[in-house]
Protein chains: 2
Amino acid sequence: MTARRTRYAAYGGSTRPPYTITGTDTRRHLDTEIVSCHICFMMKSVTNGEAPTLDQARRQVEHYGLDADPQAVLVAVRLISAGARVGRAAEVHFARFGLSTGRYRLLADLEDHGGEKSPSRLAADLDVSRATVTGLLDGLEREGLVARRPSAEDGRGTVAILTARGAQRLRDMAPEHFGRLEAMVGGLSVAERTVFLDLLARVVRGSEALADD
Amino acid sequence: MTARRTRYAAYGGSTRPPYTITGTDTRRHLDTEIVSCHICFMMKSVTNGEAPTLDQARRQVEHYGLDADPQAVLVAVRLISAGARVGRAAEVHFARFGLSTGRYRLLADLEDHGGEKSPSRLAADLDVSRATVTGLLDGLEREGLVARRPSAEDGRGTVAILTARGAQRLRDMAPEHFGRLEAMVGGLSVAERTVFLDLLARVVRGSEALADD
DNA sequence: CCCCAATAGTTAGCTGCCTAATCATCGGGG
DNA sequence: CCCCGATGATTAGGCAGCTAACTATTGGGG
């Protein structure tokens, strides 16, 4: 059979190249369009990255007869939305180097720590569960970027070590990686960056209000 | 056999309550601790939500002999980190109401649009792929919060409609939901919120620098 | 000196998100 | 009038994150 015409057989050997994120096929629509709605007619601006709208927030709050501040709601919703958006952009970014955000963070943390660390420490420092670290290490070990070695002091423990190949990967991607990160915040002045860091930290601290109880 | 002692049998019927996010078992460690490292000894402050550090960013940039601005790198990395953090908090929040962030966003968008919308429109407006919308609708339909109906005009199309049960769910959760969102940004003054919205939008727009090419 | 609670790591199963491929239908150009 | 490209929706497969449960080891208290 011709290799190209096979339908489901191609999946049989799991021969899909890992991390082939290229971009969404749902192309962005026009800047502005009329939206017909059962309740009202409204202009919906789809200016990139600025959804949802203050109008939407206001409408929702009013709809349920609450006295919440629409602007406050908007900030919260935008942050959640922005987080997902930036997270996806980061995933596309790291896919270039055959990594994911999680795998890169683990590699970089290992490098910063001298090349050795236990999975538990990694989980704590990366702020993910130990199970996630197991999964990340599995993938990285398969590609030869890290290795696992039983701990010398603790019979239960393991040590993750950065391999030469892993260190090389980090070195190779560094110029483009840091260049793109810099470009990402290039639209802000130094003063604005300082303000942004402060406000971001305070909102993140406030986001515990979502999970608390 | 006693229902409590069963090991894997409990999974047999897939009788796991959906969305039982309660919090991580990796409890936070102390505020400050000494970290021994092959290269250096350093104080590692784990002040909640303020990792990674400017020092880490500076060290990394220097390590590879680049001339990137450490503060710019820090802003980018913090935003990515904060996005994941806030995203997880949101997931915990929505789990309270038997929803996920994606499912809530779909429901709310439907409600705001008069209760009817095609999956393609939902995908475009929520900024996710159509495949994701299919998955979200599957879950919501299973719980009776939305229904699918073939489109009247287009033989290919489907219309997702908000059911009475779905509208009720939104109504029930509204007070607590908006209250928590408001609390989340309660640490910011109105002026600061305005600034934050502006800066956030600009950084999100800049985050295209990660995915572009 | 032994036992048991705490800890380290893994595994199983879930969700959300993605891309690529598939199937059905619409609709305009030759 | 028919055909083929464009579009709507789903399916299949993959990764990352989570919780809960399981196994193995450590180490302190009775």
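Arg193(B) is buried, with a relative accessible area of 10%; buried here stands for under 20%, exposed for over 50% and partly exposed for values in between, using a 1.4 Å probe and protein chains only. The model is a predicted one, in which local features need pLDDT of at least 70 and side-chain atom pairs count only at pLDDT 80 or more, while totals for chains, interfaces and linings use all residues. Residues are numbered from 1 along each chain as its sequence is written, chains are lettered from A and ligands numbered from 1 in the order in which they are written, and side-chain values use heavy atoms, with hydrogens and water left out.

Arg193(B) sits in helix α8 of chain B, residues 190-206. Helices (H or I, at least four residues) and strands (E, at least two) are DSSP runs numbered from the N terminus. Leaving aside residues up to four places away in sequence, Arg193(B) touches Asp69(A), Gln71(A), Ala72(A) and Val75(A), along with Val185(B), Gly186(B) and Leu188(B). Contact here means heavy atoms within 4.5 Å.

Now to the interface as a whole. In total, 92 residues of chain A are in contact with 93 residues of chain B. The area buried between the two chains is about 8,800 Å², and carbon and sulfur atoms give 62% of this area; buried area is the accessible area (1.4 Å probe) that two parts lose on being put together, summed over both.

The rule finds 10 salt bridges across the interface of chain A and chain B, each being a side-chain nitrogen of Lys or Arg within 4 Å of a carboxyl oxygen of Asp or Glu. Arg59(B) forms a salt bridge with Asp112(A), where the closest N and O atoms are 2.9 Å apart. On the side of chain A that touches chain B, the elements giving two or more residues include β2 (42-45), α4 (101-112) and α7 (164-184) of chain A. The largest share of that side, 19 residues, comes from α3(A). By class, the side of chain A that touches chain B has 45 nonpolar, 19 polar and 28 charged residues, where Ala, Val, Leu, Ile, Met, Phe, Trp, Tyr, Cys and Pro count as nonpolar, Asp, Glu, Lys and Arg as charged, and the others, Gly among them, as polar.

A backbone feature also deserves a look. Most residues other than glycine have a negative phi. Asp127(A), although not a glycine, has a positive phi of about 60°, and Asp127(B) likewise has a positive phi of about 60°. Asp127(A) is found in the loop between α5 and α6 (130-142) of chain A and is partly exposed at 22% relative accessibility.
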